Amino acid sequence: MKYSSFVVFKPDFESARQRIEDAGGWWVRFGDDVLTYSANDRWSNLESEFSSSQRNARQPTGTIGKAEMYLVVQKGRTFQLEHPDVEVIFDKGRYLVVRLTKAKARKMNKREDVCFHIEPLSENMTVFDTPYTQRSSAAASGAPQAGVVASVQQAVFVSHIEHLVSYTTRLSASSDYAAAADWCRKILAGMGFEVSVESVSLPGGQTSENVIGRKPGTGQGLRGNLVVTAHLDSVNHAGGPSAPAPGADDNASGAAGLLTLAAACVTFRFEHDLTFVLFGGEEQGLHGSQQYVGALDQVARDNILGVLNMDMIGSVNSEPPSVLLEGHAISQSLIAALAQSAADFTTLSVQTSLNPFASDHVPFINAGIPAVLTIEGADSANEAIHTANDTLDRVSPEFALQILRMNAGFVASLAGVSVGMPPADYGGHAVHAPPVSVEAAHMKSDLAFHFNALFAQYARLGRDGLLSQQDYGNWQVSRAAYDDLSAGTVKVGCGCGCGGC
Ligand SMILES: [Zn+2]
């Protein structure tokens, strides 16, 4: 079997695919890079279908047995660091094609943690795609989603991630993890979420915790549930349990991102329920998410509109900065909605993949629940993860904010955000919503922005013990007043003649 890689841009792919197959060859597509291979005697035929300028000089060319080709999906660069002796015949960062025997592949796959996964390479498949999505009208300021997106605050993200990396480790069963989990619980409770903590069993009899915050939707009748997740734990593989594991990118970035998204949602009303979950035990084998999914009954599973998982959203590994949306066939519509939100609210370039791997979206997908991972593009360029070097200086808040803006737009549209809508029932009679002008919606989203910033500042001061009891009380009162105002429960004459205004 001979192999080589060619650059084929998306609009030309369909005809290239046809020509490869007609020439008796096979292809595996990684965005614009197409790994192509065929039996030796058909190779010159196949090769002549491409111009020499299409050959991707950065990827190797050579000869290999078809049964020796294995697809590796790795977290960071974990596979290559652990097995430097394995020949890589195609390197696309998170995805590799390597030369292995069946026995070796099976042996390497046998491990408790989830740093990489090896499977035989299937021919004629797309490993990841690069969708081209046009900006839509949702991007216009004044559109309800834009208000939520504008409420995503970089300062809030920075303050949260700085706090999370201040623990020596967030190893799942450590006392530091418990302290970090408790801090997150307080932050969510302080924002008015209904919070709960679930114990997570780990191998060897140890335990960790999931932290859950809920914001019920305001829709009448049966409501759906949008679940936002990130793992809170960190690990230092080589250093052992007592070694520093700041886990700034993996995954203080996702956990701080989750709290930042939650803060952005606080002052808005959503038709559907929102559930924010921070998982423990991810690095030991997705234990927190597996147990969370396992405990959901069928009704709760059916109610889930989608799961948005964030794992490593802070390191810029490629130019232009990119995000990978990773899911499964059942997650296609979520992936499309996220790609749309990325086009509407960010300058990120987007890759999509239907090979779910090694993070908390996987147990949901295995249970038939649509879930998507949002992760920095080219995460394999980040060699620091799972070491003491995964520190804050490797995280770009500006980049994380782009992913969070994409995610906020997605949450807003999927959960059905409403701007300036009073509750359908107030004081025992129906209240008609006053019409909301575009200017009013703008003003409201600007106000929401400033109030959120203010509240985040108070939250920070409170956390650091710098608020007097009275200041704390004043803050809670003004927050409640603002929430009422933004929820529309304060009486405003609407002139509709309903008699209740
Ligand atoms: Zn992670």
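The model is predicted, so local features need pLDDT of at least 70 and side-chain atom pairs count only at pLDDT 80 or more, while totals for chains, interfaces and linings use all residues. Residues are numbered from 1 along each chain as its sequence is written, and side-chain values use heavy atoms, with hydrogens and water left out.

I start with the whole chain. The protein has 15 helices and 21 strands; these are DSSP runs numbered from the N terminus, with helices being H or I of at least four residues and strands E of at least two. Of the 501 residues, 52% are buried, where buried means under 20% relative accessible area with a 1.4 Å probe, protein chains only. Taking contact as heavy atoms within 4.5 Å, 79% of the contacts with a separation of 6 or more are between residues 24 or more positions apart.

Now the interior. In soluble globular proteins, nonpolar side chains tend to be buried together. A nonpolar core here is a set of buried Ala, Val, Leu, Ile, Met, Phe, Trp, Tyr and Cys residues joined through side-chain atoms within 4.5 Å. The largest has 69 residues, and L232, L261, F276, L278 and L325 have the most contacts inside it. Apart from that core lies another, of 29 residues, among them V73, V114, M125 and V127. Back to L261: leaving aside neighbours within four places in sequence, its contacts include V152, V228, F276 and L404.

E376 sits in strand 18, residues 371-376, and is buried at a relative accessible area of 0%. Beyond four places in sequence, E376 is in contact with residues including D249, M312, N317, N382 and F399. V323 is 53 residues from E376 in sequence, yet their C-alpha atoms are 4.7 Å apart. S5 belongs to strand 1, residues 2-7, and is also buried, at 0% relative accessibility. S5 touches V34, L35, Q54, R55, N56, Q59 and F90, not counting residues up to four places away.

Last, the cavities. A cavity is a set of points on a 1 Å grid over the protein atoms alone where a 1.4 Å probe fits but cannot get out, and lining residues have an atom within 4 Å of a point. There are 3 cavities of 30 Å³ or more. What is the volume of the largest cavity? About 40 Å³, volume being the space filled by probe spheres set on the points. Its lining includes K75, R94, D311 and F357.

Note on methods: 1 Å grid on protein atoms, 1.4 Å probe; cavity = no way out; pocket = protein on both sides within 12 Å on 5 of 7 lines; lining within 4 Å. Buried < 20%, exposed > 50% of the residue type's maximum accessible area, 1.4 Å probe, protein only.
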